[in-house]
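Me: I would like to go through the labels used for this model one by one. For each label, set the value against its cut-off and then conclude.

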Amino acid sequence: MPPKNTPLASRPSWLVAGLAALVLAFPATAIASDGGTTLALTGKAERQVANDHMTVLMTTEARAPEAATAAATVNRNMQAALERAGEQDGIDARTIGYSTRAIHDSDDRSRINAWLVQQNLELTGADFDRLTELVGALQQRDLNVSQIRFSLSPEARQEHREAMIEEAMEDLKEQARVIARSLGATHLRTLEVELPDDHYDRPQPMMAMRAMDESASQPSLEAGYSTLTLSVRGRLQALGAETLRVTPR
């Protein structure tokens, strides 16, 4: 029998080997920390939704030797346009971007030949037919279309939000199930879910192709679609997986 308090290194080899065999006899799960693996995942949902909002940017301008004369013409055109727009229910109108610019002589930059005054009118609404008809009428009153764009109203985005949250959560959970199965886990526990702000891809503005002549009453337009995208980020814990012993090379 070996003496007590003998250092392990100096004890018989059969005792050291026996201790090592005893450690290896225990299953791997017995020495795992908590038996769980944390998964950080993102679930996504995407939908194509028809645009229900139309915005038209129109411009009126005047050029004259005197700035006051050009300004008077622009003011008169804009006032008439606002009055006409005010007669239409469901159409919002506002003026933006008033500017006055000197037109210099090409040979003598110190000499001003004329003044150019411009002002923009923005029209928005959900009734495409009524808004398009108004645009056609205003084009006959010295206003030109600078830009037309379509978008989604807040109401349309909210209408799809709840269903898309469910779709994104199901996508996240399915990813977690696949990973959990590959790990040999038996259960999933949700630790945290974050819902970032959803967004949608705004379509590129459609520029006016040409000024309308007297025979044309209104432009021909196609509203198109916007892409709604929603994502959820989550942390889940995969439980019940057996630990895997990795043999060193």
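Me: Which residues does Leu116 touch, not counting residues up to four places away in sequence?

Reply: Leu116 touches Glu61, Ala62, Arg63, Ser99, Thr100, Arg101 and Ile103. Contact here means heavy atoms within 4.5 Å. This is a predicted model, in which local features need pLDDT of at least 70 and side-chain atom pairs count only at pLDDT 80 or more, while totals for chains, interfaces and linings use all residues. Residues are numbered from 1 along each chain as its sequence is written, and side-chain values use heavy atoms, with hydrogens and water left out.

Me: Why is Leu116 called buried?

Reply: Its relative accessibility is 12%, so Leu116 counts as buried. The cut-offs are under 20% relative accessible area for buried, over 50% for exposed and partly exposed in between, with a 1.4 Å probe and protein chains only. Leu116 belongs to strand 4, residues 112–125.

Me: What makes helix 2 and helix 3 roughly antiparallel?

Reply: The axes of helix 2 (residues 67–86) and helix 3 (residues 128–139) cross at roughly 155° and come within 11 Å. Axes are lines fitted to C-alpha atoms, for helices over the stretch in contact, and angles run from 0 to 180 degrees between N-to-C directions. Angles under 35 degrees count as roughly parallel, over 145 as roughly antiparallel, 65 to 115 as roughly perpendicular and the rest as oblique. Helix 2 and helix 3 are therefore roughly antiparallel to each other.

Me: Which residues form this helix contact, and of what kinds are they?

Reply: Ala81, Arg84 and Ala85 in helix 2 meet Leu134, Ala137 and Leu138 in helix 3. They divide into five nonpolar, no polar and one charged. In this scheme Ala, Val, Leu, Ile, Met, Phe, Trp, Tyr, Cys and Pro are nonpolar, Asp, Glu, Lys and Arg are charged, and the others, Gly among them, are polar.

Me: How do you know that Phe128 and Phe150 form an edge-to-face pair?

Reply: The structure holds one aromatic pair. In it, Phe128 and Phe150 are 5.3 Å centre to centre, with 65° between the planes. Phe128 is in helix 3 and Phe150 in strand 5 (residues 144–151), 22 residues apart.

Me: Why do Phe128 and Phe150 get the labels they do for accessibility?

Reply: Phe128 has 22% relative accessibility and therefore counts as partly exposed. Phe150 has 7%, so it counts as buried.

Me: What makes His160 buried?

Reply: The relative accessible area of His160 is 18%, so it is buried. His160 lies in helix 4 (residues 154–183). Leaving aside neighbours within four places in sequence, His160 is in contact with Arg47, Val49 and Leu228.

Me: Why is Gly184 called partly exposed?

Reply: Gly184 has 40% relative accessibility and therefore counts as partly exposed. Gly184 sits in the loop between helix 4 and strand 6 (187–194).

Definitions and conventions
Helices (H or I, at least four residues) and strands (E, at least two) are DSSP runs, numbered from the N terminus. Rings of Phe, Tyr and Trp (its six-membered ring) pair if their centres lie within 6.5 Å; planes under 30 degrees apart count as stacked, over 60 as edge-to-face and the rest as tilted.
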